[in-house]
Amino acid sequence: MEDKMEQLIRSLRESKPVLQHPENLTDSIMNQILKKPVHQVSPILLWTRAALSSAAVLLLGLFIFQQTEAENSMTSAAVKPFIENKLELDSTCMQMLGSDHLSIIKTYLCYLQQNSIENELNKSYPLQRN
Amino acid sequence: MDQNTLNDLIASSKRNDGNAFRQLVEYHQSMIYSLAYRLLCNEEEARDAVQETFIKVWLNLKKFDTSRKFSTWVYAIATNLCYDKLKSGKHFSRSLPLEILNEVISNEDVEKKMIDSELGSLITTLTDELTPKQKIVFTLSDLEDLETEEIVQITGMTASQIKSNLFLARQALRKKINRY
């Protein structure tokens, strides 16, 4: 059996497939090659491409950094240390309100006082936390 | 073709000389066809594989390292193309009818029985149970009669991988012959 297998392999080795009409195949290959010329890229173009790519990445990084910075500054500005109280009809200050000038001034002063107290409290809040 | 002429043709082809490349194609196409036919067992597909191989050679010629053997490089490109075709399972090859295979194997003078038109069918029938890698290693080693070192360069496999694939291929072939 070993001999038979060796014989068969030798036979397959010696029976070389024959290429029919090799000139047609060569022509076909050369025609295909002419359709696909080797694309030559100049070194200057390659350098420019690399430089532009690097610049684009750098600019994108800078843009993202600036955006983050701007967002951070807006967030910190949005924290208002002072509170503006709205007028409430049942508040202590509103109860002082009358038709004469003096009561209006008193109400105004009352609000000023309350605001200043609350503002002081807000100012001292971070200190209290620490 | 001597080595100096071959080197001149490669150098000229690298400078986009079509005539030089034509001579390279004429010189190498038969051996590439032989490999492709033994792997794909189909004339049309083998011709297509040869064409695709030389187009790839032309497009990548500038990357070719002249310290390497040109034919080995071309073989490697052709083998990769055939491997992809074998792996995809889309290629078509005709098996030999059982009675003819039986006749070929049981004949005392098996070598005389081989005729060119049936070669592809016979290889297909014998190797249809091999994996693409086993078929490639078996073809390169036993049919193309290449050294292990050259097969390493062509396939990128290690010597031990080649030996184990060849062992499994021969074992499968032996089992097949035993059946007839």
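This is a predicted model: local features need pLDDT of at least 70, side-chain atom pairs count only at pLDDT 80 or more; totals for chains, interfaces and linings use all residues.

Biologist: What is the mean pLDDT of chain B, and what percentage of its residues reach 70 or more?

Modeller: Chain B has a mean pLDDT of 85, with 83% of its residues at 70 or more. For chain A the mean is 79, and 78% of the residues reach 70 or more. The scores for the model are ipTM 0.80 and pTM 0.66.

Biologist: Where in chain A is confidence lowest, and where is it highest?

Modeller: The lowest mean, 77, belongs to helix 4 (residues 92–95) of chain A, while helix 2 (residues 22–35) of chain A has the highest, at 89.

Biologist: How many helices and strands does each chain have?

Modeller: Chain A contains five helices and zero strands, so its elements read α-α-α-α-α from the N terminus on. In chain B there are 10 helices and zero strands, and the pattern along the sequence is α-α-α-α-α-α-α-α-α-α.

Biologist: What percentage of each chain counts as buried?

Modeller: Of the 130 residues of chain A, 5% are buried. For chain B, with 180 residues, the value is 34%. In chain B, moreover, residues 24 or more positions apart make up 69% of the contacts with a separation of 6 or more.

Biologist: How should I read the packing of two helices, for instance helix 4 and helix 8 of chain B?

Modeller: Two packed helices are described by the angle between their axes and the distance between the axes. Here, helix 4 (residues 70–88) and helix 8 (residues 132–143) of chain B have axes that come within 9 Å and cross at roughly 145 degrees. The crossing of these two helices is right-handed.

Biologist: Which residues of helix 4 and helix 8 of chain B meet?

Modeller: From helix 4 of chain B come B:Thr79, B:Tyr83, B:Leu86 and B:Lys87, and they meet B:Pro132, B:Lys135 and B:Ile136 of helix 8 of chain B.

Biologist: How many residues of chain B are in contact with chain A, and which elements supply them?

Modeller: The size of an interface is often given as the accessible area lost when the parts come together. Helix 2 (18–40), helix 3 (43–60), helix 6 (110–113), helix 7 (116–127), helix 8 and helix 10 (159–179) of chain B each supply at least two residues to the side that touches chain A. Helix 2 of chain B gives the most, with 10 residues. The residues on this side of chain B divide into 16 nonpolar, seven polar and nine charged.

Biologist: Why does B:Ile123 count as buried, and which residues does it touch?

Modeller: B:Ile123 lies in helix 7 of chain B. This residue is buried because 25 other C-beta atoms lie within 10 Å, where 20 or more are required. Leaving aside residues up to four places away in sequence, B:Ile123 touches A:Leu12, B:Arg38 and B:Cys41. The C-alpha atoms of B:Ile123 and B:Leu39 are separated by 8.4 Å, although the two residues are 84 residues apart along the chain.

Biologist: Where are A:His21 and B:Asn16 found, and what are their phi values?

Modeller: A:His21 is in the loop between helix 1 (2–14) and helix 2 of chain A. Its phi is positive, about 45 degrees, although A:His21 is not a glycine. A:His21 counts as exposed because it has 10 C-beta neighbours inside 10 Å. B:Asn16 is in the loop between helix 1 (3–14) and helix 2 of chain B. The phi of B:Asn16, also a residue other than glycine, is positive and near 65 degrees. With 15 C-beta neighbours inside 10 Å, B:Asn16 counts as partly exposed.

Definitions and conventions: Residues are numbered from 1 along each chain as its sequence is written. Chains are lettered from A and ligands numbered from 1 in the order in which they are written. Axes are lines fitted to C-alpha atoms, for helices over the stretch in contact, and angles run from 0 to 180 degrees between N-to-C directions. Helices (H or I, at least four residues) and strands (E, at least two) are DSSP runs, numbered from the N terminus. A crossing is left-handed if the near helix is turned anticlockwise from the far one by less than a right angle, and right-handed if clockwise. Two residues are in contact if their C-beta atoms, placed from the backbone, lie within 7 Å. pLDDT is the predictor's confidence in each residue, from 0 to 100. Ala, Val, Leu, Ile, Met, Phe, Trp, Tyr, Cys and Pro count as nonpolar, Asp, Glu, Lys and Arg as charged, and the others, Gly among them, as polar. A residue is buried if 20 or more other C-beta atoms lie within 10 Å of its own, exposed if 12 or fewer, and partly exposed in between; C-beta atoms are placed from the backbone.
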